[in-house]
Amino acid sequence: MIKQILSKLPKKLPKSDSSDSAKSDSGNSTTSFGNVFQCTNVGSTISSKLNVVKRVSSVVFPASMNAGVEAVDPSLSFKDVSNTQKQSLFISKLNLCCKVYDMSDPDKNCTEQDVKRQTLLDLVDFVSSGSVKFTEPAIAALCKMCATNLFRVFPPKFRSSSGGETEDEEPMFDPAWSHLQVVYDLLLQFINYNSLDVKLAKSHVDHAFVLRLLDLFDSEDPRERDCLKTVLHRIYGKFMVHRPFIRKSVSNIIYRFVFETERHNGIAELLEIFGSVISGFALPLKEEHKIFLWKALIPLHKPKSIGIYHQQLTYCIVQFIDKDQRLVSSVIKGLLKYWPVTNSQKELMFMSELEEVLEMTSMAEFQKVMVPLFRRLACCLTSSHYQVAERAHLLWNNEHILNLITQNRQVILPLVFSALVHNSQNHWNQAVLNLTQNIRKMLSQMDEELVLACQRKIEEEDSKSSDVAERGRITWERLEEAATSVQSVGGSSDILVQVKSATATCFVAC
């Protein structure tokens with residue numbers, strides 16, 4: 001028993017063994033002075049390297065966003081790091097891309113610009129692969145990068161046109177588009193990401209972010225506005241909480257454009273977005289949506305630059321009427337309110353829109369506006385601009401409009417028949433004359449008695465006007481004779497009385 005206990009006690013080593021043991025354990029022992037000095041040197045080296053990494057990390061990551069994020073060299077490829085480091089590398093690359101360069105000088109910072117573009121492309125590929133997890137730090141870093149690169153103040157506009165770009169002007173392209181395009185692609189992929197937590201993302205894609213995004217629609221570059229159109233549409237679809245704010249903000253942009261500046265480059269793109277938004281409105285329409293039609297869309301007919309966005313505006317109007325046909329009367333009254341008088345090209349656009357609206361108009365709504373509408377169309381029929389007169393005549397070729405006219409001919413024909421007669425006698429354009437004759441023939445076949453009654457009424461009015469003209473002519477002759485007598489006699493009182501009487505009679509006759 002005692003022998004077993006003694007055998008377990010450590011035996012005393014010889015000097016040679018003890019020295020060998022000390023040498024073999026020098027890497028792990030901390031009792032010898034040599035080992036202490038060695039560990040101190042290693043520790044100081046590691047400490048200095050960590051300080052370098054820490055300085056780089058503080059530059060790449062803001063302090064508020066780096067909590068719990070491991071610093072990774074952003075120059076590394078996603079293929080060269082482990083799966084656990086890819087998320088940190090993603091954030092590192094996003095922060096690297098926050099550096100904005102002046103792209104107006106192509107020879108300045110060429111290497112840095114190429115590195116940034118390649119990094120952005122790597123980020124797009126990584127997001128499209130579906131490997132990224134949009135955590136709070138990742139969303140914050142991505143939104144910060146997008147805001148830094150995209151949100152900027154545009155220079156003042158010096159174009160002569162009051163509405164920004166026109167069809168005759170060459171578009172202006174942003175020299176930084178090679179970077180901006182990739183940033184927009186990345187933002188769009190982020191919004192479209194299937195597993196994105198909307199509740200987490202809305203704290204960063206907030207009202208301020210959306211408002212700055214809307215400001216970018218005034219960009220001169222049509223490529224940027226096209227990207228913005230897609231991005232905003234996706235935000236409207238995914239972030240339902242932002243929908244009322246987006247509608248209100250777009251309304252404010254339209255108000256400022258119509259009633260203050262008449263300068264904005266992105267009205268067409270905004271209306272294109274709202275064309276699809278309006279088609280998704282639930283029935284019955286909310287009062288807010290009707291107010292948008294009355295106070296935003298209809299006043300958009302006022303600016304001179306309507307040709308830039310008229311196609312999109314017409315589509316929005318038609319979508320509203322498709323939702324609720326009771327809105328037709330207010331739309332047509334709005335068109336008549338802003339109907340152009342001296343701008344023939346604008347008149348042509350209005351008549352094209354009017355035809356689309358009338359095709360969707362019910363009889364009850366048509367009867368509410370037919371009198372002021374056909375008074376205006378009568379003026380268009382006699383327009384000296386042959387395209388306006390021709391377009392007004394062609395409305396009668398539309399089967400639905402002709403049916404509305406036929407059922408209300410007792411009211412409409414007296415309003416337009418005098419214009420048709422005037423065209424037959426006075427219009428200079430042969431094509432318009434032919435169209436006028438065709439319409440008169442059609443009306444005679446529709447209701448010959450009514451046409452004859454209108455013809456007699458016009459003849460009576462012509463007779464009365466000729467009688468008035470004859471009386472005026474006789475009165476002016478008397479006035480001239482009286483004036484001649486005054487000059488020859490020297491102005492006796494009796495003759496002056498006759499002149500005054502003739503003058504008064506002349507004014508009454510005229």
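**View 1. Arg223 and its salt bridge with Asp221.** Arg223 is partly exposed, with a relative accessible area of 31%; here buried means under 20% relative accessible area, exposed over 50%, and partly exposed in between (1.4 Å probe, protein chains only). The model is predicted: local features need pLDDT of at least 70, side-chain atom pairs count only at pLDDT 80 or more, and totals for chains, interfaces and linings use all residues. Residues are numbered from 1 along each chain as its sequence is written, and side-chain values use heavy atoms, with hydrogens and water left out.

**View 2. The salt bridge between Glu269 and Arg225.** The closest N and O atoms of this pair are 3.3 Å apart. Glu269 belongs to helix H12 (residues 267-279) and Arg225 to helix H10 (residues 222-238), so the contact ties together parts that are 44 residues apart in sequence. Helices are DSSP runs (H or I, at least four residues), numbered from the N terminus. Both Glu269 and Arg225 are buried.

**View 3. Glu470 and Arg473 within helix H22.** A salt bridge joins Glu470 to Arg473, with 2.3 Å between the closest N and O atoms. The two residues are three apart in the helix, which means that about one helical turn separates them. Glu470 is partly exposed at 35% relative accessible area, as is Arg473 at 40%. The whole structure contains 14 salt bridges.

**View 4. A surface patch of negative charge.** Glu459, Glu460, Glu461 and Asp462 gather in this patch. Patches are made of residues with over 30% relative accessible area and no salt bridge, like charges being joined within 9 Å. Asp and Glu count as negative, and the place of a charge is taken as CG of Asp or CD of Glu. Accessible areas come from the Shrake-Rupley method with a 1.4 Å probe. Glu459 lies in helix H22 (residues 448-489) and is partly exposed, at 47% relative accessibility.

**View 5. The cysteines Cys110 and Cys227.** Cys110 is partly exposed, with a relative accessible area of 33%, whereas Cys227 is buried at 18%. With a disulfide defined as a pair of cysteine sulfur atoms within 2.5 Å, the count is zero.

How values were computed. Patch = residues over 30% accessible without salt bridge, like charges linked within 9 Å, V, L, I, M, F, W, Y side chains within 5 Å. Salt bridge = Lys/Arg side-chain N within 4 Å of Asp/Glu carboxyl O.
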